[in-house]
Amino acid sequence: MRRALALAALGARSTQPNPRVGCVIARDGVIIGEGWHQRAGEPHAEVFALRAAGELARGATAFVTLEPCNHHGRTPPCTEALINSGIARVIFACGDPNPRVDGSGAARLRAAGIAVEVGLCATEGEELNRGFFKRMRTGRPWLRLKLAASVDGRTALANGESQWITSPAARADVHRFRAESAAILSTSATVLADDPQLDARPLDAHSDGAPSQPRRQPLRVLLDRQLRIPARARVFTTGGEVVRLAGAAKQSVPVQAMTSQPGRIEHIALGEDGQLNLDAALAWMGGAALNEVWTECGSTLAGALLDRGLVDEIVLYLAPKLLGSAARPLVEMAGPNRLAEAMAWQVHDLQQIGPDIRIMLRRDR
C-alpha cells in the first residue's frame with residue numbers, strides 16, 4: 001500500500017479535478033503490476049496496474065489508495081475492470097466520498113465474490129487527497145495561505161520594498177506548491193502593487209524526482225470587485241486561464257470597466273462591508289471543481305481569511321532577517337481580546353528550505 005501511495009503522489013500536478021490514486025497488484029508477496037492515475041480523462045490507476053499484470057492478475061490482490069470507481073465518467077468503472085481480471089481480493093486505503101461512488105465500489109466488488117478490505121494506511125490515503133475530500137464533503141476547496149516574512153514578522157519595508165525577503169530555494173518551493181494546486185488565489189491589490197505572473201515555473205531548482213510532465217498552469221482566481229486590473233498586467237501574459245471574481249451588484253462595477261476585459265469574469269455576492277463575500281468566493285471555487293487552492297495575497301485579505309476561519313493550512317516561510325517595527329506586518333486582523341481566545345494552530349510540518357524555515361500549520365479543531 002505504501003508503494004501505491006508513492007505512485008499516487010506522482011499525479012500531484014496533473015490529475016485535477018480527479019483524486020490522486022495509485023494501485024499495486026501483488027501475488028505471493030511479489031508485485032506483478034502497478035500504475036497510477038496520470039491525467040483527468042485518461043485511464044485510472046487500476047487499469048494501468050491490470051495491464052501490467054496481465055493474466056497473472058487472476059487470483060491476485062489489488063492494493064488501491066482509494067475505493068475503485070463504480071460509474072461511467074470519461075472512463076469505464078474500475079470495478080468492472082477488476083472483476084473481469086479475476087482479481088481475488090481488493091484492499092483500499094479509504095472510501096471515496098464522491099456521491100457517485102461512496103461505498104458502491106466496494107459493494108459491487110463484494111457482490112462479484114471479491115474479498116474487500118478497507119482502511120489500510122487510511123490516514124495517508126486521505127492526506128494525499130485532502131482537497132478532493134474537503135470539496136466532496138463541504139463543497140469548498142482546501143485553502144492554503146502562503147505567507148513569507150522576516151523572523152520579526154514583517155513582509156516589506158515601510159517603502160514597500162519586498163523582493164526578496166526569502167531565498168531562491170524558498171521561492172522554488174513555492175513554485176512546487178503552485179504546480180500542485182488547482183488554482184492560485186490573489187487580489188487586484190496584489191496585482192496592482194507587484195504585477196506578479198502567479199504561474200508555476202519549472203521546478204529544476206527544487207526537483208522532487210517526479211517524472212517530467214507537460215506544464216499544467218493552475219487557474220488564476222483574482223478577487224477584482226471593480227475590475228481594476230489593467231489588460232497589460234503580467235498575469236494575463238502567461239499560459240493558463242484567469243478568472244476574475246467581480247461584484248454581483250451591477251453598481252459595484254463601473255460600466256466602462258466591463259468593456260474589453262481580459263480573463264473570464266464571474267460575478268459573486270458582496271458582503272455587508274461592500275467587499276466580495278469570501279464565503280461566496282470559496283463556494284464558487286468548489287463549484288468549479290477546484291480541490292486545492294494556493295493563496296498569495298497581501299496582509300488585508302490574509303487577515304480577513306484568517307478572521308473568518310476560512311484557511312485550512314498556513315505555509316509560512318521565515319527568513320533569518322530583521323526588518324524592524326516600521327516595516328509592514330504579516331497580517332492585518334482584529335485579533336482576540338484575551339490570549340486564551342487566540343486562534344490555535346498545530347505545526348504539521350517544519351523544514352529548513354535553503355537558509356529559510358518553512359512552517360506548515362493547520363487549525364487546531
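**Close-up views of a predicted model**

**View 1. Strands β1 and β2 form a hairpin with two residues between them, and Asp28 in the turn has a positive phi of about 55°.** The model is predicted: local features need pLDDT of at least 70, side-chain atom pairs count only at pLDDT 80 or more, and totals for chains, interfaces and linings use all residues. Residues are numbered from 1 along each chain as its sequence is written, and side-chain values use heavy atoms, with hydrogens and water left out. Strand β1 covers residues 22-27, and β2 covers residues 30-36. The two pair in the antiparallel sense over six bridges (pairing needs at least two DSSP bridges between two strands). Within this pair, Val24 stands opposite Glu34 of β2. β1 also pairs with β3, again in the antiparallel sense, over four bridges; in β3, Thr61 is the bridge partner of Ala26. Five of the six residues of β1 are buried, so the strand is largely enclosed by the rest of the structure (buried means under 20% relative accessible area, exposed over 50%, partly exposed in between, with a 1.4 Å probe and protein chains only).

**View 2. Thr65 sits in strand β3, which spans residues 61-66.** Thr65 counts as buried because its relative accessibility is 2%. A polar atom of the Thr65 side chain lies 3.0 Å from the backbone nitrogen of Gly22. Leaving out residues up to four places away in sequence, Thr65 touches Met1, Ala4, Leu5, Ala8, Arg20, Val21, Gly22, Ala93 and Cys94 (contact means heavy atoms within 4.5 Å).

**View 3. Nine strands form an open sheet of mixed pairing, in the order β11-β10-β9-β8-β12-β6-β13-β16-β15.** Its edge strands, β11 (264-268) and β15 (345-353), each pair on one side only. Inside the sheet order, β8 (residues 183-187) and β9 (residues 219-223) pair in the parallel sense over five bridges. Leu185 stands opposite Val221 in β9. Helices (H or I, at least four residues) and strands (E, at least two) are DSSP runs, numbered from the N terminus.

**View 4. Val243 belongs to strand β10, residues 242-247.** Val243 counts as buried because its relative accessibility is 0%. Apart from neighbours within four places in sequence, Val243 is in contact with Leu219, Arg220, Val221, Leu222, Arg264, Glu266 and Trp284. Leu50 is 193 residues from Val243 in sequence and 39 Å away in space, C-alpha to C-alpha.

**View 5. Helix α7, residues 168-179, is mostly covered, with nine of its 12 residues buried.** From first C-alpha to last, α7 reaches 17 Å, close to the 16 Å expected at 1.5 Å a residue (the expected span is 1.5 Å times one less than the number of residues). The buried residues of α7 are Ala170, Ala172, Asp173, Val174, His175, Arg176, Phe177, Arg178 and Ala179. What covers these buried residues includes β6 (142-150), β8, β12 (292-295), β13 (313-319), β15 and β16 (356-363).

**View 6. Over residues 204-214, pLDDT stays under 50.** pLDDT is the predictor's confidence in each residue, from 0 to 100. The model has 17 contacts beyond four places in sequence for residues 204-214. Where pLDDT is low, the predicted coordinates should not be read in detail. For the protein, the mean pLDDT is 89, and 93% of residues reach 70 or more.

Notes. A polar contact is a pair of N or O atoms within 3.5 Å; within protein, one must be able to donate a hydrogen and the other to accept it, and residues adjacent in sequence count only if both atoms are side-chain atoms.
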